[in-house]
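Welcome! Please take a look at the sequence and the model shown here before reading on.

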There are 2 protein chains.
Amino acid sequence: MSDDPRIILLAHGSSDQRWCQTFEKLATPTLDSVAGSRIAYMELAEPSLETIIAQGKKEGITSFTIIPLFLAAGRHLRKDVPGMIDELEATHDVSITLAPPIGENPQLGDAIRDVVNQELERQKQPA
Amino acid sequence: MSDDPRIILLAHGSSDQRWCQTFEKLATPTLDSVAGSRIAYMELAEPSLETIIAQGKKEGITSFTIIPLFLAAGRHLRKDVPGMIDELEATHDVSITLAPPIGENPQLGDAIRDVVNQELERQKQPA
């Protein structure tokens, strides 16, 4: 057993399964390489944040870090998620850290540039 | 003058200036390296998609490619943006291609994994 916090990749969630599938694909390289990491949805899809925290607690984990799969912090990350965290910490007696959204890391900007260049190359190929 | 389409990085938009600033930072590596590229907002912020298309048309550009700075395609990208594109093509007599959202490119998943690993390293540093 490790003292590392459990990493939770938090996506917004949608009732559209295709939307959730895109996030599951986005999370795959992380889930495959970071031991014990999980994906959770803020609303409209399962597993919810509460489900993932409750499961972790059952396994003896008391420390969690949420990394939001959001490009920027809006109302959800400034207000709703901190409110959910306060409640979950009280209910499950755990400690939860909220990391900045992935879009605040400069690495994302570089990845976007690479994606744009790939798209430009793709458009230049004969159909 | 080039026949390359003008690249438009399309973000959702927000009345929160901090939200828009994060997207401007995310777009910077692309804007710095892809000639003539622009950022535009779907709603709630300026420049709007219409503003950017009208400006381009004035410069003689008739072909645009929109690359959505969205992690996944929900209602906005499946319905609202295609509707806006139809209208803009008719109004401005231009051709607009909608590329997949950046989150559908596997490169983004790899960038997310790297961001998560950086966050884990950061947490291990003594405060």
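What follows is a short tour, from the fold of a chain to the contacts between chains.

This is a predicted model, in which local features need pLDDT of at least 70, side-chain atom pairs count only at pLDDT 80 or more, and totals for chains, interfaces and linings use all residues. Residues are numbered from 1 along each chain as its sequence is written, chains are lettered from A and ligands numbered from 1 in the order in which they are written, and side-chain values use heavy atoms, with hydrogens and water left out.

Chain A has four helices and four strands. A rotation of 180 degrees, with 0.0 Å of shift along its axis, superposes chain A on chain B. The two copies are thus related as by a two-fold rotation axis.

**The fold of chain A**

- Along the sequence, chain A follows the pattern β-α-β-α-β-α-β-α. Helices (H or I, at least four residues) and strands (E, at least two) are DSSP runs, numbered from the N terminus.
- The C-alpha trace of chain A spans about 60 × 35 × 30 Å along its principal axes.

**The sheet of chain A**

- Four strands of chain A form an open sheet in the order 2-1-3-4, with parallel pairing. Two strands pair if DSSP finds at least two bridges between them.
- Strand 2 (38-41) and strand 4 (95-98) of chain A stand at the edges with a single partner strand each, so one side of each is left without a neighbour in the sheet.
- From one strand to the next, the twist averages 30 degrees. Axes are lines fitted to C-alpha atoms, for helices over the stretch in contact, and angles run from 0 to 180 degrees between N-to-C directions.
- Strand 3 (residues 63-68) and strand 4 of chain A run parallel and are joined by four bridges. In strand 4 of chain A, A:Leu98 stands opposite A:Ile66.
- Helix 1 (residues 17-33) of chain A lies across strand 1 (6-11) and strand 2 of chain A, and runs at about 155 degrees to strand 2 of chain A.

**The sheet of chain B**

- In chain B, four strands form an open sheet in the order 2-1-3-4, and the pairing is parallel.
- The edge strands of chain B are strand 2 (38-41) and strand 4 (95-98), each pairing on one side only.
- Strand 3 (residues 63-68) and strand 4 of chain B pair in the parallel sense over four bridges. The bridge partner of B:Thr65 in strand 4 of chain B is B:Thr97.
- Helix 3 (residues 75-92) of chain B packs on the sheet and touches strand 1 (6-11), strand 3 and strand 4 of chain B. Its direction makes about 165 degrees with that of strand 4 of chain B.

**Backbone details**

- A cis peptide bond, with omega about 5 degrees, joins A:Glu46 and A:Pro47. A:Pro47 lies in the loop between strand 2 and helix 2 (49-58) of chain A.
- In chain B, the peptide bond from B:Glu46 to B:Pro47 is cis, with omega near 0 degrees.
- A:Asp93, a residue other than glycine, has a positive phi near 55 degrees. The place of A:Asp93 is in the loop between helix 3 (75-92) and strand 4 of chain A.

**How the two chains meet**

- The superposition of chain A on chain B has an RMSD of 0.0 Å. Copies are superposed by least squares on the C-alpha atoms of residues with pLDDT of at least 70 in both.
- In chain A, the C-alpha nearest the axis belongs to A:Ala111, 3.3 Å from it.
- Both copies use the same surface, and 100% of the contact residues of chain A recur in chain B. Contact means heavy atoms within 4.5 Å.

**Helix 4 against helix 4**

- Helix 4 of chain A and helix 4 (residues 106-124) of chain B pack at an angle of about 170 degrees, their axes 10 Å apart.
- These two helices are therefore roughly antiparallel to each other (an angle over 145 degrees).
- Among the residues that meet here are A:Leu108, A:Ala111 and A:Val115 in chain A, and B:Leu108, B:Ala111 and B:Val115 in chain B.
- By class, this contact of helix 4 of chain A with helix 4 of chain B has six nonpolar, four polar and two charged residues. Ala, Val, Leu, Ile, Met, Phe, Trp, Tyr, Cys and Pro count as nonpolar, Asp, Glu, Lys and Arg as charged, and the others, Gly among them, as polar.

Technical notes: Angles under 35 degrees count as roughly parallel, over 145 as roughly antiparallel, 65 to 115 as roughly perpendicular and the rest as oblique.
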